[in-house]
Amino acid sequence: MQHTSTQDTLVGLFVASGIVGLFFLALQVSNLSSFVEQDSYTIIASFENSGGLKVKSPVSAAGVKIGQVSAINFDPKTYQSVVKMSIYSQYNTLPDDTTASIFTAGLLGEQYVNLDPGGSDEYFKNNGKIEITQSAIILEKAIGQFLFKSAEEKK
Amino acid sequence: MDNSVNSPNSLVSVRNLSFSRGNKKIFNNISLDFERGKITAIMGPSGTGKTTLLKLIGGQLIPEQGSITVDGQNVHKLRRAELYTLRKRMGMLFQSGALLTDMSVFDNVAFPLREHTSLTESMIRTLVLMKLQAVGLRGARNLMPNELSGGMARRIALARAIALDPMMILYDEPFTGQDPISLGALVHLIKSLNNTLGLTSIIVSHDVRETSAIADYIYLISEGRCVDHGTPSQIQKSASEWVQQFMTGAADGPVHFHYPAKDYADDLLSSGKRY
Amino acid sequence: MIELLQYLGKTTRVGFTKLGRGTYFLLQTISGIASVLLRPRLLINQMYSIGVLSFLIIIISGLFVGMVLGLQGYYILSDFGAEETLGVMVAASLVRELGPVVSALLFAGRAGSALTAEIGLMKATEQLSGMEMMAVDPIKRIITPRFLAGLLSMPLLAALFSTVGILGGDMVGIGLLGVDEGAYWSQMQAKLDFQDDIINGVIKSIVFGFVTTWIALFEGYDAIPTSEGVSRATTRTVVNSAFSILGLDFILTALMFGDN
């Protein structure tokens, strides 16, 4: 058996490195840092079709992530998809005529909400509503339309 | 058969004890008494459950019938905490020594003190050295158990058994597999510890010569029953042929040299068959 | 046919009694936790022989597993032009599966078998019995500290395995194959969720640590006290631990990752 104090040191080292490992996984590997630290406010947009959008999908403006989707619900009156987005508080100058569209990252990548700021002087407040939206492009639909069109042109 | 001695001076008394393992009856209504301050030996052939008896006395096994009383307390009626308190007053020397292999000799002897007392390290050191001195192995305190010979391990285990100054010590086959010198040392040690510390000793053994040299009283057990009991000299003069064979170690007698088999000549002649 | 049924019945009966003994043993072990926490030295000693001595094998294996994941992942992902997601693949497979599972399997082989052999030998050499006769409860004194140490060490070892593996994937992917460093880490961070991935991985490793240590200690404590009995018990520890780890992993995965 080793000397007691050496053993203590080694056990201490082991426990410390294990905890460092856990912290590394929490902070460097996963998104813990992104959703714990930041304050945010909510804006709401209704889409005809939100496609493959999911809770926690990114919300970005000009290619920069400024928030994430916090809830997606179906509105039984308007038959639309209501998407709530948490926008980080530091981006509190979004004009209230901003438009939202659902895009796909790359050809097969995941879907995200892209916000296109308009020219209004009024900014969104908490639970502000986006008026102009563009739905997700459903690949099957697009292909269908394309085939239909080219068939018509051939006639 | 009732062979209870019922001495008023007995520290441990076993009454009408029965115990079996599987279908084999190891003890069949046996009664024994162990007197205070004396060395009492239990002898018998291998496999008669001598070690089992020690485990029954120590409360590690529970008898089917009968009772075992140690210092006025029925061992198997005690609650767990009471049994543990009683065990602190019993020492047991296992055949292998049962030293804890991951501790030095010193720590092994200090183990019961550290577990059961709140003495300071310096007091523990003094006590451990005294116990080691008593078994003549004070110089071996820094060795690990795997560096000890069998005889030394048993002496260290003895030092550990007396660490808490018990009232009695149970010895499980203390003489088995020892060279003559260690054997002499152990015999001497058991006798002198018993006398100087006023212990009650119970020795389980089949080593006739060493045991009868130090025992005050002997019980001979075979096939679950007590065959004979008395002082060593009484036993040696016993009229029973079986006792004579056991004590002298004759190859043939009531216990036959040959395992039961059919006639030798017939067996050899019936060639061709396997059985 | 009758014989087969009889054999099956007997196996079931023996299995159940063993499970009963094991459960009883576990309850006794758990009941000793308070007394061990009052004597942290016992725990530290076992953290050393269970955790620290498994450290090296876990680190080295984690590094190589991560490096292999980096290589294999790169070859497959580059076919789809998706090399940037290498970080996601390496980290997700490590954190969700390979970290907890492989480190638990290694733990069973390294620490579990050693525990069984140690306890079994203590039984065979009458050390446990001797302790009982010294009025020391061997479960509280010997078993519980080891159980706690196993329970605490396993999640730490699994976290180390995953961490080192992710760094190994980084070394191969970025250093050797030229994946973009920013993409490797940012995609990983975007895709892996703290709750769903990291916490679930840690829960898995705690469950595996619990089961493996329990099996190892019980097999040792229940071993036939001969050298053959102990060696058989050691084999059973490794085999039963592996089965339990993989079976439980399937169940836990189904429960945890079922809805996405």
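**The interface of chain C and chain A**

Analyst: Across the interface of chain C and chain A in this predicted model, the rule finds 3 residue pairs in polar contact, with both residues of each pair at pLDDT 80 or more. The elements of chain C that give two or more residues to the side touching chain A are α3 (40-79), α4 (86-124), α6 (138-176), α7 (181-191) and α8 (194-222). Of these, α6(C) provides the largest share, with 9 residues. Sorted by class, the side of chain C that touches chain A holds 20 nonpolar, 6 polar and 3 charged residues.

The extent of the interface can be given both in residues and in area. In residues, 29 of chain C are in contact with 24 of chain A; in area, about 2300 Å² is buried between the two chains, and carbon and sulfur atoms give 72% of that figure. Three residues, Tyr48(C), Leu156(C) and Phe194(C), supply 24% of the area that chain C buries against chain A, which is more than any other three residues supply.

As for charged pairs, the count between chain C and chain A is 1 salt bridge. A salt bridge joins the side chains of Arg41(C) and Asp8(A), with a distance of 3.0 Å from N to O.

Turning to the sheets, chain B has an open sheet of 4 strands in the order β2-β1-β4-β5, with antiparallel pairing. Its edge strands are β2 (24-35) and β5 (73-74) of chain B, each of which pairs on one side only. Strand β1 (residues 10-21) of chain B runs antiparallel to β2(B) and is joined to β2(B) by 8 bridges; Arg21(B), for example, has Lys24(B) in β2(B) as its bridge partner. Helix α1 (residues 50-57) of chain B lies across β1, β2 and β4 (65-70) of chain B, and runs at about 120 degrees to β1(B).

Another open sheet in chain B has 6 strands in the order β6-β7-β8-β3-β9-β10, and here the pairing is mixed. The edge strands of this sheet are β6 (90-93) and β10 (225-230) of chain B, each pairing on one side only, while the twist averages 15 degrees from one strand to the next. Between β6(B) and strand β7 (residues 168-172) of chain B, which run parallel, there are 4 bridges, and the bridge partner of Met90(B) in β7(B) is Met168(B). Helix α5 (residues 150-161) of chain B lies across β6 and β7 of chain B, running at about 170 degrees to β6(B).

Definitions and conventions
Residues numbered from 1 in each chain as written. Chains lettered and ligands numbered in written order. Predicted model: local features only at pLDDT ≥ 70, side-chain atom pairs only at ≥ 80, totals over all residues. Heavy atoms only, no water. Contact = heavy atoms within 4.5 Å. Buried area = accessible area lost by both parts, 1.4 Å probe. Salt bridge = Lys/Arg side-chain N within 4 Å of Asp/Glu carboxyl O. Polar contact = N/O pair within 3.5 Å; in protein donor to acceptor, adjacent residues only side chain to side chain. Nonpolar A, V, L, I, M, F, W, Y, C, P; charged D, E, K, R; others polar. Pairing = 2+ DSSP bridges. Axes fitted to C-alpha atoms, helices over the stretch in contact; angles between N-to-C directions.
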